[in-house]
Amino acid sequence: MRVEKAPLDGVLLFVPTPHHDERGLFTRTFDNVLAKDSGLDPHAFVQDSQSRSVRGTIRGMHGRSGRGEAKLVRCARGAILDVLVDTRPGSPTFGRRLSVRLDDETFTTLYVPPGMLHGFQALTEHADVCYRIDREHDPAEDLSVRFDDPELSIEWPLPVTVVSARDRAAGSWAQLRERL
């Protein structure tokens, strides 16, 4: 497994080496030592969650206020386009976005530092996404921006099939910037 720095400040990609044979495959999805060597506290992650989405579904763009939350995100089944937007006002990459394909072939894990909006679109018939999160969920700290905000201009690769009512009712990037 190797670790790559992504173009957004503090974002990392943990890229494993899946081993394939006649039985199928085996891959490491987390490495405590590599996490430590990359400046992460592996013991800080306190919650694991999983979502399943159908092709074209968009989940996001979500974030947390206060001290934010860090996440390790990977796609265990299928493929997604994962999108981040840096919402940290003092960051050198504030307001920039990053799109990364995560899938069940490369098993890359995306480290999302606190202060990012996060969302994804399912690219395959079904996509299972696994999250390892460093804080318990507090709905009072939820932030969201519409997935189709014109200022962010996120290029979703597929027609949008399903979006939650909550995500459709989210505010704009301009409104969130005023709050930051």
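Modeller: Happy to! Of the 180 residues of the protein, 47% count as buried, where buried means under 20% relative accessible area, exposed means over 50%, and partly exposed is in between (1.4 Å probe, protein chains only). Keep in mind that this is a predicted model, where local features need pLDDT of at least 70 and side-chain atom pairs count only at pLDDT 80 or more, while totals for chains, interfaces and linings use all residues. Residues are numbered from 1 along each chain as its sequence is written, and side-chain values use heavy atoms, with hydrogens and water left out.

The C-alpha atoms fill a box of roughly 50 × 35 × 30 Å along the principal axes. The radius of gyration is 16 Å, which agrees with the value near 16 Å for a compact globule of 180 residues; it is taken over C-alpha atoms, and the globule rule is 2.2 Å times the number of residues to the power 0.38. Among contacts between residues at least 6 apart in sequence, 79% join residues at least 24 apart; a contact means heavy atoms within 4.5 Å.

Strand 6 covers residues 58–64 and includes Met-61. A cis peptide bond joins Gly-60 and Met-61, with omega about 15°. Most peptide bonds are trans, so have a look at that spot in the viewer.

Is Gly-66 buried or exposed? Gly-66 is exposed, at 68% relative accessibility. Gly-66 and Leu-81 are 15 residues apart in sequence, yet 27 Å lie between their C-alpha atoms.

Glu-69 sits in that loop too, but Glu-69 is buried, with a relative accessible area of 14%. What does Glu-69 touch, leaving out residues up to four places away in sequence? The list is Arg-64, Val-112, Pro-113, Pro-114, Ile-133, Asp-134 and Arg-135. With Arg-64 there is a polar contact between the two side chains, at 2.6 Å. A polar contact is a pair of N or O atoms within 3.5 Å; within protein, one must be able to donate a hydrogen and the other to accept it, and residues adjacent in sequence count only if both atoms are side-chain atoms. Glu-69 and Glu-136 are 67 residues apart along the chain, while their C-alpha atoms are separated by 8.9 Å.

Moving on along the chain, let us turn to cysteines. A search of the whole structure finds zero disulfides, a disulfide being a pair of cysteine sulfur atoms within 2.5 Å. For Cys-75, the nearest cysteine sulfur is that of Cys-130, 8.0 Å away. Cys-75 is buried at 0% relative accessibility, and Cys-130 is buried at 15%.

Gln-121 is in strand 11 (residues 116–122) and is buried, with a relative accessible area of 0%. A polar atom of the Gln-121 side chain lies 3.1 Å from the backbone oxygen of Leu-158. Leaving aside neighbours within four places in sequence, the contacts of Gln-121 include Gly-56, Thr-57, Ile-58, Leu-81 and Leu-158.

Terms used:
Helix = DSSP H or I, 4+ residues; strand = E, 2+ residues; numbered from the N terminus.
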